[in-house]
Amino acid sequence: MAASNAYQASFPLHVAIIMDGNGRWAQARHRPRVFGHQEGVKTVRRIVEDAADLGVQHLTLYSFSTENWTRPKAEIAALFNLLKKYVEDDLDTLNRNNVRIRILGSREGLKPDLRELIRRVEMTTEGNTEFNLNIAFNYGGRDEILRAAAKAVADGKDLSSMKHTELTPYLDTADLPEPDLVIRTSGEKRISNFLLWQAAYAEFVFTDVLWPDFKKEDLLSAISDFQNRDRRFGNLNASEVA
Ligand code: IPE
Ligand code: IPE
Ligand code: MG
């Protein structure tokens with residue numbers, strides 16, 4: 001066995017994906033950006049199944065950021081409709097497959113019918129245990145941290161004496177493990193306000209593949225990349241300890 005250590009990355013139980021490149025995928029085909037988003041939903045369907053097949057327990061997908069509100073109104077409306085349609089169309093199947101769905105992000109600025117849908121989806125799947133699908137929608141890491149701090153203060157916590165672990169229960173991801181692996185498609189190499197707090201020690205894999213083209217083999221390749229990483233969490237390898 002190699003000079004391995006306790007931190008050698010094993011299997012990523014929580015994979016988070018910044019699904020990027022829908023617009024460029026469509027533009028390359030001289031189609032409107034929304035066409036790329038529609039194709040992106042097909043990838044979501046496939047990758048949810050693939051991730052579950054591979055043994056991933058948590059899949060977190062970044063589908064609309066707090067900064068995406070700056071996009072044209074028509075594109076925002078299309079993204080909202082696609083989320084609604086995906087959830088409405090797939091809820092029964094996901095529920096039958098024992099998938100628990102959580103929607104991360106702020107509820108602020110969402111219309112009552114969407115809030116109601118989110119509530120219904122989360123409640124319907126609350127008892128499911130086979131796989132966890134977390135959709136980051138109207139999500140921003142900075143916004144989440146501020147909301148968490150505000151909730152902690154409202155709960156009587158004193159921020160000046162709090163340990164960082166005490167903030168965890170107030171995050172949108174309160175009952176989730178931290179992501180082991182964050183994948184970003186489309187060649188961009190930035191975090192774009194995704195899981196800022198939770199990804200403190202995540203491994204990152206960046207791929208040039210555009211989200212609509214992302215396949216099971218790309219997920220597998222990211223996972224095997226992850227498995228060759230040496231996660232140290234600030235510590236030393238066993239082999240480095242004198
Ligand atoms: C990702 O694709 C989907 C969202 C951000 C909502 P983009 O729409 O960002 O596609 P590109 O980056 O313009 O190609
Ligand atoms: C990040 O992609 C947000 C989502 C995938 C939902 P963006 O396309 O919005 O990110 P930037 O603007 O390129 O950083
Ligand atoms: Mg983008």
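Tutor: Arg-33, Val-34, His-37, Gln-38, Val-41, Val-44, Arg-45 and Val-48 of helix 2 meet Glu-75, Ala-78, Leu-79, Leu-82, Tyr-86, Asp-89, Asp-90 and Leu-94 of helix 3 (contact: heavy atoms within 4.5 Å; helices: DSSP runs of H or I, at least four residues). The model is a predicted one, in which local features need pLDDT of at least 70 and side-chain atom pairs pLDDT 80 or more, while totals for chains, interfaces and linings use all residues. Residues count from 1 along each chain as written, chains are lettered from A and ligands numbered from 1 in written order, and side-chain values use heavy atoms, without hydrogens and water.

By class, the contact of helix 2 with helix 3 holds 9 nonpolar, 2 polar and 5 charged residues (nonpolar: Ala, Val, Leu, Ile, Met, Phe, Trp, Tyr, Cys, Pro; charged: Asp, Glu, Lys, Arg; polar: the others). The two axes lie 10 Å apart, and the packing angle is about 25° (axes fitted to C-alpha atoms over the stretch in contact, angles from 0 to 180 degrees between N-to-C directions). Helix 2 and helix 3 are therefore roughly parallel (under 35 degrees; over 145 is roughly antiparallel, 65 to 115 roughly perpendicular, the rest oblique).

Helix 2, spanning residues 33-54, also packs against helix 6, residues 216-227; here the axes come within 10 Å and cross at roughly 45°. This pair is therefore oblique. Ile-47, Asp-50, Ala-51, Asp-53 and Leu-54 of helix 2 make the contact with Lys-216, Leu-219, Leu-220 and Ile-223 of helix 6. The residues of this contact comprise 6 nonpolar, no polar and 3 charged.

Helix 3 has a further partner. Helix 3, residues 73-96, packs with helix 4, residues 112-124, at an angle of about 20°, the axes being 11 Å apart. Helix 3 and helix 4 are therefore roughly parallel as well. From helix 3, Phe-80, Leu-83, Lys-84, Val-87, Glu-88, Leu-91 and Asn-95 take part, and from helix 4, Asp-113, Leu-114, Leu-117, Arg-120, Val-121 and Thr-124. This contact divides into 7 nonpolar, 2 polar and 4 charged residues.

An N or O atom in the Arg-33 side chain is 2.8 Å from an oxygen atom of ligand 1 (polar contact: N or O atoms within 3.5 Å). Polar backbone atoms also approach oxygen atoms of ligand 1, at 2.9 Å for Gly-23 and 2.8 Å for Arg-24. Of the 13 residues around ligand 1, Asp-20, Gly-23, Arg-24, Arg-33 and Arg-71 come nearest (near: a heavy atom within 4 Å).

Asp-20 and Arg-71 also belong to the surroundings of ligand 2, which are Ile-18, Met-19, Asp-20, Tyr-62, Ser-63, Phe-64, Ser-65, Asn-68, Arg-71, Arg-184, Arg-190 and Ser-192.

Methods:
Helix = DSSP H or I, 4+ residues; strand = E, 2+ residues; numbered from the N terminus. Polar contact = N/O pair within 3.5 Å; in protein donor to acceptor, adjacent residues only side chain to side chain.
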